[in-house]
Amino acid sequence: MSTKGLWIVIAIIIAGVVTWLVMRGQPAVAPGTTNTGNVTNTNSEPARSFTTGEQSTNSTSLTATVTITAAGLSPTTVTVKAGARVTFRNQDSSTHQISSDPHPTHTDLPGFDQLVAAGGDYSFTFRQAGSWGFHDHLRPTDSRFQGTVVVQP
Ligand SMILES: [Cu+2]
């Protein structure tokens, strides 16, 4: 008798958990970010007189790179120290324009605004601490191309 009761309780718990999982799973959008890992190390850019062999493991560093692909920016937020140079590398086959917020005036950080041709890159030095939002001026409503550079003092 008590065994049967126990099974009923277990069945109810399982049903509850399954229901909860299903309800919980509904709004969760399946990650549509397909990271095309076709990063071929083509050293097509001109040699740079920039030979720092060390790689910073700090979360805030003096350099950061944001990669632009057809899927969007990666990463969308970078955190660096004041004076850091952030490079926007366009690995997409179309031109993008990295521009300071707000669109279309780009007045938050004047000068942080440049067309980046396919295969090209754009480096900007962030001297002023703050949280600098930016967007792709050619796709101002596409959130995949909106990001933030957090500059720590
Ligand atoms: Cu704009």
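Predicted model: local features only at pLDDT ≥ 70, side-chain atom pairs only at ≥ 80, totals over all residues.
I started at His106, which is partly exposed because 18 C-beta neighbours sit inside 10 Å. My cut-offs for that: a residue is buried if 20 or more other C-beta atoms lie within 10 Å of its own, exposed if 12 or fewer, and partly exposed in between, with C-beta atoms placed from the backbone.

Residues are numbered from 1 along each chain as its sequence is written.

His106 is in the loop between β4 and β5. I also looked up Pro104, which is in the loop between β4 and β5. The peptide bond from His103 to Pro104 is cis, with omega near 5°. Another cis bond runs from Ser74 to Pro75, with omega near -5°. Pro75 lies in the loop between β2 (72-74) and β3 (77-90). I noted these because most residues other than glycine have a negative phi, and most peptide bonds are trans.

**Whole chain**

I count elements the DSSP way: helices are H or I runs of at least four residues, strands are E runs of at least two, and both are numbered from the N terminus. The protein chain has 1 helix and 8 strands, in the order α-β-β-β-β-β-β-β-β from the N terminus. Buried residues are 16% of the 153 residues.

I then checked contacts, meaning pairs whose C-beta atoms, placed from the backbone, lie within 7 Å. Of the contacts with a separation of 6 or more, 51% are between residues 24 or more positions apart.

How far do I trust it? The average pLDDT (the predictor's confidence in each residue, from 0 to 100) is 78, and 61% of the residues score at least 70. Over residues 26-58 the pLDDT is below 50, and this stretch has 4 contacts in the model beyond near neighbours in sequence.

**β4 and its partners**

Next I looked at β4 (residues 96-100), where 4 of the 5 residues are buried. I call two strands paired if DSSP finds at least two bridges between them. β4 runs antiparallel to β5 (residues 113-116), with 4 bridges joining them. β4 is also antiparallel to β7 (residues 130-136), over 3 bridges.

Which residues does Ser99 bridge to in β5 and in β7? In β5 the partner is Asp113, and in β7 the partner is His135. Ile98 stands opposite Asp136 in β7.

I followed β7 on to β8: the two pair in the antiparallel sense over 6 bridges. Ser131 has Val150 as its bridge partner in β8.

**Asp136**

Is Asp136 buried or exposed? Asp136 counts as buried because 23 other C-beta atoms lie within 10 Å. This residue is in strand β7. Leaving out residues up to four places away in sequence, I found that Asp136 touches His96, Gln97, Ile98, Asp142 and Phe145. I also took the C-alpha to C-alpha distance from Asp136 to Asp101: 9.5 Å, at 35 residues apart in sequence.

**Nonpolar core**

A nonpolar core here is a set of buried Ala, Val, Leu, Ile, Met, Phe, Trp, Tyr and Cys residues joined through C-beta atoms within 7 Å. The largest one has 17 residues, of which Val66, Val80, Val86, Phe126 and Val149 touch the most other members. β1 (61-69), β3, β6 (121-126) and β8 (146-152) each put in at least two residues. β3 gives the most, with 5.

Beyond residues up to four places away in sequence, Val149 touches Val78, Val80, Val86, Phe126, Trp132 and Phe134.

**Thr60**

Thr60 is partly exposed, since 15 other C-beta atoms are within 10 Å. Which residues does Thr60 contact, leaving aside neighbours within four places in sequence? They are Thr79, Val80, Lys81 and Gln152. Thr60 and Gln152 are 92 residues apart along the chain, with their C-alpha atoms separated by 7.7 Å.

Definitions and conventions
Contact = placed C-beta atoms within 7 Å.
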